Each structure stands twice: as C-alpha cells, then as structure tokens.
Amino acid sequence: MSAVEQRAVASDEADIRLDRWFKRHFPSLGHGHLQKLLRTGQVRIDGKRAQANARLAEGQLIRVPPLGAAESVDLKPPPKPRQQDAQELRAMILHEDDALIALNKPAGLAVQGGSKTKRHIDGMLLSLAPKGERYRLVHRLDRDTSGLLVIAKTASSAAKLSKAFQRHEVQKLYWALVAGLPPLEHGIIDKALSKGVVDKRFGADFELVQAGGDGAQKATTRYRTIARAGKLSAWLALQPLSGRTHQLRVHCALMDCPIIGDPKYGGPKAVPAGAPRTLMLHARELDLPHPDGGRLTLEAPLPDTMRLGFAWIGFEPDPTLSGARLVDFEEL
C-alpha cells in the first residue's frame, strides 16, 4: 500500500481493539511497526491520535498510512443465512415490534465473533432479517451470561438505542448467585476498572479486567441481597450504573462473593463442590427509551441453566420477592 487510506469501521468490527482491527486487515504488519505508527500519529481514529487498545465503534474512520510490505487482505464475505439459525433466534424472542427485537440469550452463545468464535448472535442475525436489510447489535452480553439482549431492526433505531445505552438512559437489572455473602444486605460498589492482558488459560479472546491500573474507568454497581443460604451462598440483584467489561463479575469478586461458575475472577471459591459449572449471571430486566417514543420494560425468564443453580442452593426464584426488581433500587 503506497498511499494514505481512510477506512470505515464495519458493524461487525464494533468494540474490537484497534490493534486487532489491524491484525484482521493487515496480518503481516508487525506489532512494533504498528506501535511506531501510533506513537508518531500516523494512525488516527476520526482524525485523533489513538492507542493500540482503543475500542472501535461502527462508522469511525481509521487513517491508514503507507505500510510498505504489509499487504491488505480481503475479508471473507459474510456466510449465507441458515434456516436453523433463524429458528433458534425466533425461539429466543421475548418481544418484537417495528423498531427492535428483545432476545433471551442462552449462556454459552457469543454475541459477537472472535479469533476462535465462528458462531455468534451477530452472524445468526443474517438469517432473521429480510433480504437486503440488516439487524444490528446495540449492546453486548458476555458469552456466559444469559438474558436480555436488544437488537435494532433499522439504522435509525440502532442510532437511538446505541445513544441511550451510551448515555446510561437504560436501566439494567441482573440476577446472580454468588459464593459467600456480601458485607451488607445492600450497598454500592464503586471500584474503577481497567482492561488487563489476555489470559491464555481461558482462550485468546478472554481479556482479564482488574480494579485500578492504567486507564482505569469509573465503574459503579448497586446490589441487593434477595435471599441467602446460610454462609454458603446468596441470591443478589445487581444494577450496573456503568457499562464496563465484566463489571459485575469483577465487582462481586472484589466483595469476596464471586459469582458461582466464574473461576476466572473468583478462583476455586466460585466453583463449590456440586454446584453447576455455568456462570450464574442472568440479565433479568431492562427499562429503556423506545426509539418510537415512551419507555419499554422487558423481563427475561430464567433459563434452565440458572434454575439448576437455584435448585442446587435450595432457593425458589420468585420474581415478586422484595428487592428482585428494578423498582426496588429507586430508594437507594
């Protein structure tokens, strides 16, 4: 490549790191060469200097300077829609209207692709949208987290919903089963978080998050204890007031009551003998501004994976219990 290019970030590239974007498009470009280009300001995002770990957003323009011997590659075209994918997605639908779809995502299914992730919601959406149209992700859930995932059906809806999530106009409630007990019945966890290094023990796509560190960003979570089983476990309602990666998992671990099924942050304590190995974290409720006006409240029933956890502890997952709804957090 012998001239400066301006390349737009595609929708399926949103939220990936800048260095990984270059790895996709210019696999022969060395890490050291890229770092030099970044230090000297030759690589920019929307005209501004950038760092290798910058997270990308759809539509951003990346300035790519002449790279010498590093050749660009043509990315593979998207796979053809599969009828099986459409059937699976339809079975997950909790709500649908002209602007959006709300899914009850199962644990274990990724939202977006990665280096070793070939099957994911974003790819499956090709099978659900009418020909010539594209449905869009507007937020994310971890692969191992179940529950509410909102999909925009139009570009206009995607823009409005994405802004609502970015501006924290969406209220979220998660249910979690944790090992041990929080220090108080209810409270606020206010611990800034930063991205760490990729931990190869858990796969190439798993980037650990830590409290504090360089570039730490404010992260706040409200919690309520709904029920407890002696000193063994508790059922928590969690309301994230910020949207950091792995926020709830790290914050629970920092309280010394890691989410059951999360050894990546909770260590051996998170996998008590006999407990299910699935992450016991479920996106239970969302209250959001609807793109066409008004507000929409959504609830996701517990999947079988979570019910196994409740049964193991001996809890009855009754959603009418005090503390189990978003409305219960209004007084905090």
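## Aromatic pairs

Rings of Phe, Tyr and Trp (taking the six-membered ring of Trp) make a pair if their centres lie within 6.5 Å; planes under 30 degrees apart count as stacked, over 60 as edge-to-face, and the rest as tilted. By this rule, the structure has 7 aromatic pairs. One of them joins Trp21 and Phe26: their centres are 6.4 Å apart and their planes stand at 55°, so the pair is tilted.

Before we go on, a word about the model: it is predicted, so local features need pLDDT of at least 70 and side-chain atom pairs count only at pLDDT 80 or more, while totals for chains, interfaces and linings use all residues. Residues are numbered from 1 along each chain as its sequence is written, and side-chain values use heavy atoms, leaving out hydrogens and water.

## Buried or exposed?

Buried means under 20% relative accessible area, exposed means over 50%, and partly exposed lies in between (1.4 Å probe, protein chains only). With a relative accessible area of 0%, Trp21 is buried. Phe26 is buried too, also at 0%.

## A pair across the chain

Now look at Trp235 and Phe315, an aromatic pair that is tilted, with 6.4 Å from centre to centre and 40° between the planes. This pair links distant parts of the chain, 80 residues apart: Trp235 sits in strand 14 (residues 233-240), and Phe315 in the segment after helix 8 (304-313). Helices (H or I, at least four residues) and strands (E, at least two) are DSSP runs, numbered from the N terminus.

Trp235 is buried, with a relative accessible area of 0%, and Phe315 is buried at 11%. Together with Trp175 and Phe310, Trp235 and Phe315 form one aromatic cluster.

How many of the 7 residues of strand 8 (residues 146-152) are buried? The count is 7 of the 7, so strand 8 is largely enclosed by the rest of the structure.

Two strands pair if DSSP finds at least two bridges between them. Strand 6 (residues 100-105) runs antiparallel to strand 8, and 6 bridges join them; here Leu103 stands opposite Leu149. Strand 7 (residues 136-137) also pairs with strand 8 in the antiparallel sense, over 2 bridges, and Arg136 stands opposite Ala152. With strand 15 (residues 281-289), strand 8 pairs in the parallel sense over 2 bridges, and Ser146 stands opposite His282.
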